[in-house]
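Visitor: I have a model open on my screen and would like to talk it through. Could you take me around it?

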Amino acid sequence: MSLVDLIVLVGTLVGIAAYGAWKTRGNRDLEEYFGGDHSMKWGTIGLSVMATQASAVTFLSTPGFGYEKGMAFVQNYLGLPIALVIVSALFIPVYYKCGVYTAYEYLERRFDLKTRQLGAVLFLIQRGLAAGLTIYAPAIIVSSLLGWDLDTTILLTGLLVVAYTVAGGSKGVSLTQKHQMTVILVGMGVAFGLVVFYLAREMSVAQTLPLAGKLGRMEIISFSFDYSRRYTIWSGIFGGVFLSLSYFGTDQSQVGRYLTGKSVTESRLGLMFNAVLKVPMQFFILLTGVMVFLFYQFVQPPILFKRPAMEAAHASARAPEMTALEQRYAAVFTEKRDAVRALAAGLERDDDGAVVAAQSRVATLAAQGEAIRDEAKKLVAEVAPGMEAKDSDYVFLTFVVGHLPKGVIGLLIAVIFCAGMSSTSSELNALGSTSTVDIYRRLVRPRESERHYVFVSKTLTAFWGLMAIAFAMAATLAENLIEAINILGSLFYGTILGIFLTAFLLKWVRGTAVFLAALVAEATVITLYMTTDIGYLWYNLIGCGLVLALGAALQAILPGGRGEAGAAGGAVPEAGGAPVATSGGRS
Amino acid sequence: MTIDPGKIKQVLDDRPPFFRTWTGVYAVVLGILGALILLFALLTWLLA
């Protein structure tokens, strides 16, 4: 990496972090530390919510997906605007009316203490582990491509994010995210502009999309009812609504973002900002991946994008086999490039016969190229057992490092780290607020001074940060840990959403019923996970459905039966339940 | 738990800028989503 890139990278990361810490120095009470003093306007909230959701993986995996499979993945986001409208209409007024810092405080208002604690603990387990992943994911990819030491990368980026999150609290997180998101949008815009500029050497800009279409990368929407298809408009809308509702409505890392708003209007506008911009943003990131795919039709890509996999093969006794595969791959590439040029020329002339012939030739050669890549992956698996040879996450950064000018490389690597740090800071802030407000202040020391709680909040935020760093460093031992964490998240998300939907929709169901239902649902989900092969995303639906159904059924059986237990957001704990805390310093 | 009457008023009086009610904002947001889906369908039909 050149000195210019290093200056751009370090200057961007440290500059934004220092700005956030400086602007929010001297937080005095929890209202200021976790509520951000309720001074945020909709633009900051909108960018903060967007930055929290868009992790480093978004900017590594999404272009990689576009490269490998095309635009279909954008359908996964079609349910998100609908979910945000529901959160805006249903969840936000209730959270504001209750004056809560965390989503789980509301559960005590609506149900009882044990349900609040259950929601908080499930969140802490899930998000505590995920925070390690958000530090680990960009570090493993960037360090392997640039030859940096992985542990040092994790430690430096991890400590930087912990420092400004602890110092600045919720307001610090929102302010830094605003600037991080700006860097991300500018960086991705520059990358897109440059790849299109490079492509202009081979074809006119107007030709790029038709050519991408002929190469099978522009099937954006599928109305197919075939359940074996992973991405269709139906799974995107119905599955997307469900997943986004649980994430934006009940995950404290998001709830904490929009509750920093100056008013309900500002929070709602922040979410509507995301509802309008998120789908186009994902479309644009995928399209960047498609443009990189077109670029690599004319410039030869490496046989495998994952450099450590290549190095492992070349360092082994079977290096000559890998070299032979690379030569065969290069020969197929040269033929394919000529066929792609013929296809582009056919499109230019509107010559259908030439287009069909060239398209068929390209498809044959692409299949040959993929077969050679599969052989290379198999070779890597044999010489380096345990090394994952899947390399789509490495495509975009390989393009950046190999083909973009000095300075822009530093900016794009800053984009990746900004995305990782913005997600991590929200997670740490949410973990700190939940463990302070829902556990420490509610159960351990309920009557301490604000200054004491701010100190405990900072300590717990730092604790979660150091745990996340330790987890990220341990994660280097097992590369499939990323999927393991995703599975872990799905094991808990459904139950948490089920509790909240019961609170909002089944107003006659009380605390004990929903608590027992949540325990049974969680046990069922874990049992299913251990005994069956159900795809893990289904656990979200199963967990949520079980809580709703069992909660309603148990309420009918339990003493007291079916009777109004107070409106959503009302404050009637069930009889015999724990007294309601004076939660939320704002009440 | 005492709920701040000012806060309740703020929630109840909540009005979006440029619109009479939030229903109008939500209709616009969902309308934009519908337009995007149509645009994506059109691009798929033209290019795929």
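This is a predicted model: local features need pLDDT of at least 70, side-chain atom pairs count only at pLDDT 80 or more; totals for chains, interfaces and linings use all residues.

Visitor: Fine. Which domains does the assignment give for chain A?

Guide: The domain assignment divides chain A into domain 1, made of 3-294 + 402-475, and domain 2, which covers 307-389. The C-alpha centres of domain 1 of chain A and domain 2 of chain A are 35 Å apart.

Visitor: And how many residues of domain 1 of chain A are in contact with domain 2 of chain A?

Guide: Eight residues of domain 1 of chain A are in contact with nine residues of domain 2 of chain A. On the domain 1 side, α7 (113-146) and α9 (205-214) of chain A each supply at least two residues, and the largest share, four residues, comes from α9(A).

Visitor: What classes of residue are on that side of domain 1 of chain A?

Guide: The side of domain 1 of chain A that touches domain 2 of chain A has five nonpolar, two polar and one charged residues.

Visitor: Switching topic, I was looking at Gly46(A). Is that residue buried or exposed?

Guide: Gly46(A) is buried, because 27 other C-beta atoms lie within 10 Å, and the cut-off for calling a residue buried is 20 or more. Gly46(A) sits in helix α3 (residues 42-53) of chain A.

Visitor: Which residues is Gly46(A) in contact with, leaving aside its neighbours in sequence?

Guide: Leaving aside neighbours within four places in sequence, Gly46(A) is in contact with Gly270(A), Phe273(A) and Asn274(A). Leu277(A) is 231 residues from Gly46(A) in sequence, yet their C-alpha atoms are 9.6 Å apart in space.

Visitor: So how do α3(A) and α12(A) pack, at what angle and how far apart are their axes?

Guide: The helix α3(A) packs against helix α12 (residues 264-298) of chain A at an angle of about 50°, with the axes 7 Å apart. That angle makes α3(A) oblique to α12(A), and their crossing is right-handed.

Visitor: Which residues make that contact between α3(A) and α12(A)?

Guide: From α3(A) the contact uses Trp42(A), Ile45(A), Gly46(A), Val49(A) and Met50(A), while the residues from α12(A) include Glu266(A), Leu269(A), Gly270(A), Phe273(A), Asn274(A) and Lys278(A). By class, the contact of α3(A) with α12(A) divides into seven nonpolar, four polar and two charged residues.

Visitor: What about α5(A) and α6(A), how do their axes cross?

Guide: The axes of helix α5 (residues 80-98) and helix α6 (residues 103-110) of chain A come within 10 Å and cross at roughly 75°, and therefore α5(A) and α6(A) are roughly perpendicular to each other. Val94(A), Tyr95(A) and Cys98(A) of α5(A) make the contact with Ala103(A), Glu105(A), Tyr106(A) and Arg109(A) of α6(A). That contact of α5(A) with α6(A) has five nonpolar, no polar and two charged residues.

Visitor: And α13(A) with α15(A), which residues meet there?

Guide: Ala309(A), Ala312(A) and Ala313(A) in α13(A) meet Leu379(A), Val380(A) and Val383(A) in α15(A), and the residues of this contact divide into six nonpolar, no polar and no charged. Helix α13 (residues 307-315) and helix α15 (residues 352-383) of chain A pack at about 70°, with their axes 9 Å apart, and are therefore roughly perpendicular to each other. The crossing of α13(A) and α15(A) is left-handed.

Visitor: Last one: how many helices and strands does chain B have?

Guide: Chain B has two helices and zero strands, and of its 48 residues, 12% count as buried.

Conventions
Residues are numbered from 1 along each chain as its sequence is written. Chains are lettered from A and ligands numbered from 1 in the order in which they are written. Domain bounds come from an automatic or database domain assignment. Two residues are in contact if their C-beta atoms, placed from the backbone, lie within 7 Å. Ala, Val, Leu, Ile, Met, Phe, Trp, Tyr, Cys and Pro count as nonpolar, Asp, Glu, Lys and Arg as charged, and the others, Gly among them, as polar. Axes are lines fitted to C-alpha atoms, for helices over the stretch in contact, and angles run from 0 to 180 degrees between N-to-C directions. Angles under 35 degrees count as roughly parallel, over 145 as roughly antiparallel, 65 to 115 as roughly perpendicular and the rest as oblique. A crossing is left-handed if the near helix is turned anticlockwise from the far one by less than a right angle, and right-handed if clockwise.
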